[in-house]
Structures are given as structure tokens and as C-alpha cells.
Amino acid sequence: MDTATDGRPTQLAANTCFGGWHKRFRHRSAALGCDMVFAVYLPPQVEAGKRVPVLYWLSGLTCTDENFMQKAGAMRTAAELGIAIVAPDTSPRGPDVPGDPDGAWDFGLGAGFYVNATQEPWATHYRMHDYVVWELPELVETMLPTTGRRAISGHSMGGHGALVCALRNPGRYRSVSAFAPIVNPAAVPWGEKAFGRFFGPDRSRWLEWDSCALIARAQERLPLLVDQGDADSFLDTQLKPDALRQAAEAAGHPLTLRMQPGYDHSYFFISSFIDDHLRHHAAALG
């Protein structure tokens with residue numbers, strides 16, 4: 001066990017990158033009841049003694065903190081803009097954490113959906129929303145030289161998470177964006193499987209974690225930037241961005257939805273447009 005006995009995070013790795021640092025930490029999460037690993041990119045401005053704002057990145061199904069940090073190509077522009085990036089894992093982990101009873105990849109370990117489960121055996125550990133919105137930022141802002149200004153983004157399941165975190169917590173983030181998000185999880189197979197287990201059969205409870213439903217009653221009109229590839233194999237069955245467009249239009253919520261010709265669901269897609277998203281967040285973070 002690498003977690004420090006006094007509760008402080010233990011550094012697992014450090015790599016110099018574009019004049020800054022990529023670091024990985026392990027810590028004990030009170031919200032999730034297990035050890036968690038997260039990664040941080042600290043831009044070179046930190047080396048000069050400056051505090052920097054933070055973009056929280058939420059990854060998709062089966063991912064860990066390493067996918068985005070290694071594949072997205074975000075650090076060059078983050079270094080230029082003076083933005084830190086924090087990438088948590090996608091679910092609780094450990095021998096006591098239940099996964100999919102059938103061993104499937106789209107639920108449980110690596111697939112926490114960034115919600116607070118209410119049904120057992122999931123409710124004990126699967127409280128990723130509280131972890132991402134409250135516990136992890138408190139830890140980051142205590143241990144690292146940050147300003148307290150936050151943005152949030154993510155991909156697929158993580159895009160769903162980013163939108164829900166922003167819509168449910170007005171004033172918590174300065175900006176939000178997403179790549180190929182699951183925008184209407186209460187009405188697509190991935191979401192129906194996860195929400196049925198996390199919240200039980202009452203579908204009205206599911207809507208508390210569905211971006212299309214949350215937009216209608218959002219207390220803050222934070223502009224949404226969404227990129228979606230039109231060659232994404234999950235487009236018609238799991239993602240359905242037109243549902244988000246319709247919900248935003250009905251609510252008068254600002255949305256920029258860009259359909260990108262020829263792009264799929266992979267990190268080739270994310271790396272092609274990540275700079276646009278970083279600049280979108282930098283404009284709001286100041």
C-alpha cells in the first residue's frame with residue numbers, strides 16, 4: 001500500500017513535460033471508501049511561483065487517469081495557457097469494490113458514471129460525483145498551487161460526467177465542455193444498465209443524472225461546448241447528440257455542438273480538437 005499513513009497523497013510518478021510536470025498520486029478517498037489514483041499536469045508557470053486554474057478531465061468507459069494524459073496531447077497547450085489538468089480514475093477500485101456481476105466492461109470497475117449510487121451493493125463505494133466535485137478539488141487545492149478557479153471536461157461517459165457536474169452545481173465551474181458525451185443516459189443502453197443498478201427501477205430518479213433533463217431546470221446558463229464525430233460507432237445507439245441540441249433549444253441554454261466529419265470515438269478524435277477546448281476553458285478561467 002502506497003498511501004501515506006498520515007492521510008496525505010503519496011506521489012507515484014513524476015515526469016517533466018513541456019517545462020512543467022506530470023505527476024501521479026495515490027490517496028485514501030473518504031467518499032469512495034477505497035484508495036484512488038489521480039494524475040496532474042502542472043504547467044511551467046507553477047515553477048515560477050504562480051498559482052494556476054485547474055481543468056478537471058473525466059475519462060470514459062474502461063479508462064484510468066493514464067489514457068488522457070498519455071494520448072490526448074493536451075500538455076503543450078496547457079503549458080502555454082498556464083492551466084493545470086487533473087485526471088481522476090473512472091471508478092472506485094479495490095478488492096472490496098463490486099464490479100459487474102457478469103464481468104462486463106460497461107459497468108462497475110472502470111465505469112462509475114460519475115454519479116452517487118443509492119442502491120446496494122453499489123452505494124457504499126460508487127459516489128464518484130461527490131469525489132469529483134468536492135473531495136478531489138479540496139485535496140488538489142490544498143496540496144497544489146492553484147487559484148481555486150475550476151473548469152471541467154470529459155469524453156463519452158466522462159463527457160456525461162462533466163455536463164452533469166456542471167449542471168448540478170451552479171457556480172462550481174467557470175466553464176464546461178465534452179467530447180462525444182452520453183447526453184441522455186436515461187434513454188440509452190449504457191445508461192439504462194448503469195442507472196437501473198445504481199438507482200433502482202424508478203426512472204424519475206435517473207433523470208437527476210441526465211443532462212437533457214437537467215438542462216430544463218438549470219440554475220446557471222454556463223455555455224456548453226460539445227464536439228462529436230459523425231463516424232462514431234456509438235453515435236446513434238448511445239450518444240444521440242440531437243437530444244442535447246433539442247433540450248438546449250427548448251431551455252434557451254447556450255450550446256455549441258460541432259459535428260466533426262469523419263471522426264470516430266477514439267483519442268485520435270480527442271487529440272484533434274483538445275486545443276480548442278483548452279482555449280475555451282482558458283478564456284473563462286482568466
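Phe-113 sits in the loop that runs between strand E5 and helix H3. In this predicted model, Phe-113 has a phi near 60°, a positive value in a residue that isn't glycine. A cis peptide bond links Glu-120 to Pro-121, with omega at about 5°. So much for the loop; the sheet comes next.

Nine strands make up an open sheet, and going across it the order reads E1-E2-E3-E5-E4-E6-E7-E8-E9. The pairing is mixed. Strands E1 (10-17) and E9 (255-260) take the edge positions with a single partner strand each, so one side of each has no neighbour in the sheet. On average, neighbouring strands here are turned by 20° against each other, if direction is ignored. As a general point, side chains in a regular strand alternate between the two faces of the sheet.

Thr-16 is found opposite Trp-21 of E2. The two strands, E1 and E2, form a hairpin with 2 residues between them. Phe-18 belongs to that turn and has a positive phi of about 50°.

Another antiparallel pair is made by E3 (residues 34-42) and E5 (residues 84-88), with 4 bridges between them. In this pair, Ala-39 faces Ala-87 of E5.

Parallel pairing turns up too. Strand E4 (residues 52-58) runs parallel to strand E6 (residues 146-154), and 6 bridges hold the two side by side. One of the pairings puts Val-52 with Thr-146 of E6 as its bridge partner. E6 is also parallel to E7 (residues 175-179), this time through 2 bridges. Here the bridge partner of Ala-151 is Ser-175 in E7.

What about the helices? Helix H9 (residues 241-251) lies across strands E8 (224-229) and E9, and it runs at about 155° to E9. E9 is one of the strands at the edges of the sheet.

Elsewhere, two helices pack against each other. H3 (residues 128-143) and H4 (residues 157-168) have axes that come within 11 Å and cross at roughly 65°. The crossing of H3 past H4 is right-handed. On the H3 side, the contact involves His-129, Val-132 and Val-133, which meet Val-164, Cys-165 and Arg-168 of H4. Sorted by class, the residues of this contact come out as 4 nonpolar, 1 polar and 1 charged.

The largest pocket has a volume of about 290 Å³. It is lined by 19 residues, and those closest to its centre are Cys-34, Asp-35, Arg-93, Gly-94 and Pro-95. The elements giving two or more residues to this lining are strand E2 (20-29), E3 and helix H1 (65-71). E3 contributes the most, with 4 residues. By class, the lining of the largest pocket splits into 6 nonpolar, 4 polar and 9 charged residues.

The second largest pocket holds about 150 Å³ of space. Its lining is made of Gly-60, Leu-61, Thr-62, Cys-63, Trp-105, His-155, Ser-156, Trp-190, Phe-234, His-265, Ser-266 and Tyr-267. Here the lining has 6 nonpolar and 6 polar residues, with no charged ones. In the largest pocket, by contrast, 9 of the lining residues are charged.

The structure has 1 cavity of 30 Å³ or more, and the largest cavity contains about 60 Å³ of space. Around it stand Ala-166, Leu-167, Pro-170, Val-176, Ala-218, Gln-219, Glu-220, Leu-222, Leu-224 and His-253. This cavity lining counts 7 nonpolar, 2 polar and 1 charged residues.

Conventions: Residues are numbered from 1 along each chain as its sequence is written. This is a predicted model: local features need pLDDT of at least 70, side-chain atom pairs count only at pLDDT 80 or more; totals for chains, interfaces and linings use all residues. Side-chain values use heavy atoms; hydrogens and water are left out. On a 1 Å grid over the protein atoms alone, a cavity is a set of points where a 1.4 Å probe fits but cannot get out, and a pocket is an open set with protein on both sides within 12 Å along at least five of seven lines; lining residues have an atom within 4 Å of a point. Grid points are joined across faces, edges and corners, and a volume is the space filled by probe spheres set on the points. Ala, Val, Leu, Ile, Met, Phe, Trp, Tyr, Cys and Pro count as nonpolar, Asp, Glu, Lys and Arg as charged, and the others, Gly among them, as polar. Two strands pair if DSSP finds at least two bridges between them. Axes are lines fitted to C-alpha atoms, for helices over the stretch in contact, and angles run from 0 to 180 degrees between N-to-C directions. Contact means heavy atoms within 4.5 Å. A crossing is left-handed if the near helix is turned anticlockwise from the far one by less than a right angle, and right-handed if clockwise.
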